Amino acid sequence: MAIVLISWFIIFFVLLTSGDFFISIYNLICKRKEIYSIPDTILFGLFFTIIPLSVTSFFVPSNYYILFACIALCTGYWVWKKERISAFLQKIKKIFHNLHFYQKVLLVFLFLSVILIAVWSPDGFDAMSYHYANIRWNEEYPVTPGIANLEDRFGFNSNLFLLDAIFTFRLFLGYPVYTVQSLIAILIFSWILLEAFRSKFELRRVILFIISVVYFYYEHRGISDTSTDILPGLITFYLVAKIILYPDSFRQNYLLYIFVPFALAGFKVSAAPVALLSVFLAIVIIRRKEYKPLIFIGSLLFLYFVLWMARTVIVSGYLIYPLHEINLFAFDWQVPVETAAKQRFLIGYYANEYMAEAFRNGIAVHNKYYIILSFIYLLTVSSVAVSLYTAFKGRNTIYKYVLATLILGLCYWFFFAHDFRFGSGYVFAAIFTGTACLFGKKEHFFPRLSIIGIALLVLWMTVFSFRSASYYDECLRDQLHVAEKSTRITRILLHPYSAKDKMAALKESEATDEDFSVRQHKLNNSVSIGISTYPNGWYGDSIPCIANKEGTPDFWTIPDIRWIEARGNSIKDGFRRKREFINK
């Protein structure tokens, strides 16, 4: 727990500084006076930091040296801008000063809930098979040609993994931590709870908190680990909620509602539909003939995506992987078209047929997870219907913009990849939008009932999160053989359950006729690569490594080690598919 808190503080410091600098430069150049909250500033820092980080990644690894440089620059910035840090601290002090004692207690328990979730992250298929390794590649090497030939999902090239790489704190801990997602989650959940407090429990804000608790329940695994789905969903939910609660902000805060929605696609391509919201605002700005902010934001987004696509080309040979139809290059490290096509099929198959079957089976056996999920789907459809009726009956153009964006996102999710985690942000945002349309402009207050309801929900979150810590304790005792209870408690209070622990637990679980290991295989006299014999081809953050083809299903995109060759005498030179195996 202590490590999670320390990492949160450092990440918060870096992202807050980066975001504040970004806002200051924008306001100065565009002669604007846009004011943003702390969560907004952190989101700006989240995406703006990616730009210089992408540039340096072409030349040096994105690791603790970059983090040290960031901390030094951030410290220098606040020394230069002493009045801003003073104003920021006063803002924090004012927030807490205005809270009642019981509200402070609830906020503390909310923090505790997310910390406990962050401490224990169970084995995740994507995380163990390529997330951790992708982040480690960014830590250890500059962007490397053709590493998607080892694991084609490296070609997705999420900017989130590049950011995660500088915040693993591996040098100090001896293992990596991944806490960017949980930090953003607690900031957004806290903002929602504070909105309920500040409004004296206005009903829409109370319902928003209830929805966020359901979000927490369904996405807690993503919050605790390296999921690339959780942040696009949460941020979409946050942006829509903010527009609904503060409609005027949409026409005033250009930077937030244009830059952030577009930049989300660099984290997850499937988040692209939310950029429709930015398009609507851009049209409004053009009509106002305020071109300077639009040129500034557009130029920065152009740079952001050029850098992202350049990295993707180097990693996979494609501008956007696995969109093999956009095949503009003929680099020798390019992932074979057949592999890219198979990956596209697998994404659709898993997110549609496989998850639909899981949903049907879950309903058949009365699994509460899927029963509640079916209710959420019905509520989403009802909310969209209510929103459509209200939007076209009234004259609120902003609601129409929000609704059009959500419908586009929901249609994309439903028809192309209806795994719930891909569309959770659209789903919960649509439910809140429908609720807001149902209540209209009139405000309703039920303070006593709201206080009891929120207190019970926060208590439930805390109890639910303590269950996660208990799983951690069981794993330490039964799989990692930490016998002393005091030692286990100390471990939980200090350290999260790491990728290193997960690999050790897998090793301990092997049967007598199994041998879970990573064996070295020489590609040439200078370059060796590991071959994992762990279940599902997992290898945690071991690099360079490849899953054992013989131990995984044939329809997966994992290559045979005999198909791969090094492009030179250094790992930095990259990897490619041997010519005779390109069509495999």
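Asp478 and Arg477 are joined by a salt bridge, with their closest N and O atoms 2.9 Å apart; a salt bridge here is a side-chain nitrogen of Lys or Arg within 4 Å of a carboxyl oxygen of Asp or Glu. The structure is a predicted model, in which local features need pLDDT of at least 70, side-chain atom pairs count only at pLDDT 80 or more, and totals for chains, interfaces and linings use all residues. Residues are numbered from 1 along each chain as its sequence is written, and side-chain values use heavy atoms, with hydrogens and water left out.

Both partners of this opening pair are partly exposed: Asp478 has a relative accessibility of 45%, and Arg477 has a relative accessible area of 37%. On this scale, buried means under 20% relative accessible area, exposed means over 50%, and partly exposed lies in between (1.4 Å probe, protein chains only). The count of salt bridges comes to 28.

A second pair joins Arg488 to Asp473, and here the closest N and O atoms are 2.7 Å apart. This pair links distant parts of the chain, as Arg488 belongs to helix H22 (residues 485-494) and Asp473 to helix H21 (residues 447-478), 15 residues apart. Helices (H or I, at least four residues) and strands (E, at least two) are DSSP runs, numbered from the N terminus. Arg488 is buried, with a relative accessible area of 5%, and Asp473 also counts as buried, at 15% relative accessibility.

A further salt bridge brings together the side chains of Arg32 and Glu290 (3.6 Å, N to O). Arg32 lies in the loop between helix H1 (2-30) and helix H2 (38-48), and Glu290 lies in the loop between helix H15 (276-287) and helix H16 (291-316), so the pair ties together parts that are 258 residues apart in sequence. Glu290 is partly exposed, its relative accessible area being 27%. Elsewhere, a network of salt bridges links Asp126, Glu151, Arg153, Asp229, Lys268, Asp419 and Arg421.

Turning to the strands, an open sheet of three strands has the order E1-E2-E3, with mixed pairing. E1 and E3 are the edge strands, each pairing on one side only. Two strands pair if DSSP finds at least two bridges between them. Strand E1 (residues 518-522) runs antiparallel to E2, and five bridges join the two. E1 and E2 form a hairpin, with five residues between them. Within this pairing, Val518 stands opposite Ser532 in E2, and Gln520 stands opposite Gly530 in E2. Strand E2 (residues 528-532) is mostly covered, as four of its five residues are buried.

Thr236 is part of helix H12 (residues 230-245) and counts as buried, at 3% relative accessibility. Leaving aside residues up to four places away in sequence, Thr236 touches Leu264, Val274 and Tyr426, where contact means heavy atoms within 4.5 Å. Gly76 is found in helix H4 (residues 64-80) and is partly exposed, with a relative accessible area of 37%. Gly76 and Ala391 are 315 residues apart in sequence, and their C-alpha atoms are 48 Å apart in space.
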